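Hi everyone, thanks for coming. Let me put today's structure on the screen, and then we can walk through it together.

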Amino acid sequence: MRTDAFHGAVDIIGTADRPGHVVAAAIADDDARHTVLEYAAERARDLGLPLRVVHVWDGHRRYPDLLLDAALYDDLDATTAAGAEREICHDRHPAHALSAVSRDAALMVVAATGDPGASHPLGATTAGLIGHTACPLTIVLPT
């Protein structure tokens, strides 16, 4: 593990069978998306890779494509937002969908959204990803 105190992020360093070609930022419709996008965009620039913003849609909320566009243009500069790839996965199990997305990624960035005192302090999706991604995983901690 490697921590980044400035961003409140923890990298779970693993080994990938093959190097990925994007930095994947998994976002939900919550307050953590800003930090996830900011950190993922910075890492994508550092690695010289495209940023791919991913949302797992369970079918309950309308217009997941508008969520992606709003998040990108609200939280990133216009050039970075315009150049970012967008992906919507339809799945009732976000960890399963994001694990599949990780096969193309050099790094996946997610947020810890659980209650620190709860049984899943990282959130069910993030906890479900640990040890189940094909690339290193970065968990952005609440600030």
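I'll go from the overall fold to the cores, then one threonine, and finish with the pocket.

A word on the source: this is a predicted model, where local features need pLDDT of at least 70, side-chain atom pairs count only at pLDDT 80 or more, and totals for chains, interfaces and linings use all residues. Residues are numbered from 1 along each chain as its sequence is written, and side-chain values use heavy atoms, with hydrogens and water left out.

So, the fold. The protein chain has five helices and seven strands, taken as DSSP runs numbered from the N terminus (helices H or I, at least four residues; strands E, at least two). Along the sequence you can follow β-β-β-α-β-α-α-β-α-β-α-β. Of the 143 residues in the chain, 44% are buried, meaning under 20% relative accessible area with a 1.4 Å probe, protein chains only.

Now look inside. In soluble globular proteins, nonpolar side chains tend to be buried together. A nonpolar core here is a set of buried Ala, Val, Leu, Ile, Met, Phe, Trp, Tyr and Cys residues joined through side-chain atoms within 4.5 Å. The largest one has 21 residues, and I27, V36, L37, L51, V53, L72 and V109 touch the most other members. At least two residues each come from β3 (22-26), α1, β4, α2 and β6, with α1 giving the largest share, six. A second, separate core has 18 residues, including A24, V56, A112 and C135.

Is T126 buried or exposed? T126 counts as buried because its relative accessibility is 4%. Leaving aside residues up to four places away in sequence, T126 touches V110, A111, A112 and I139, a contact being heavy atoms within 4.5 Å.

Finally, the largest pocket, with a volume of about 550 Å³. On a 1 Å grid over the protein atoms alone, a pocket is an open set of points where a 1.4 Å probe fits, with protein on both sides within 12 Å along at least five of seven lines; lining residues have an atom within 4 Å of a point. Of the 30 lining residues, I27, A28, D29, H55 and V56 are the closest to the centre. Which element gives the most to this lining? That is β4, with four residues.

Thanks, and I'm happy to take questions.

Conventions: Grid points are joined across faces, edges and corners, and a volume is the space filled by probe spheres set on the points. Buried means under 20% relative accessible area, exposed over 50%, partly exposed in between (1.4 Å probe, protein chains only).
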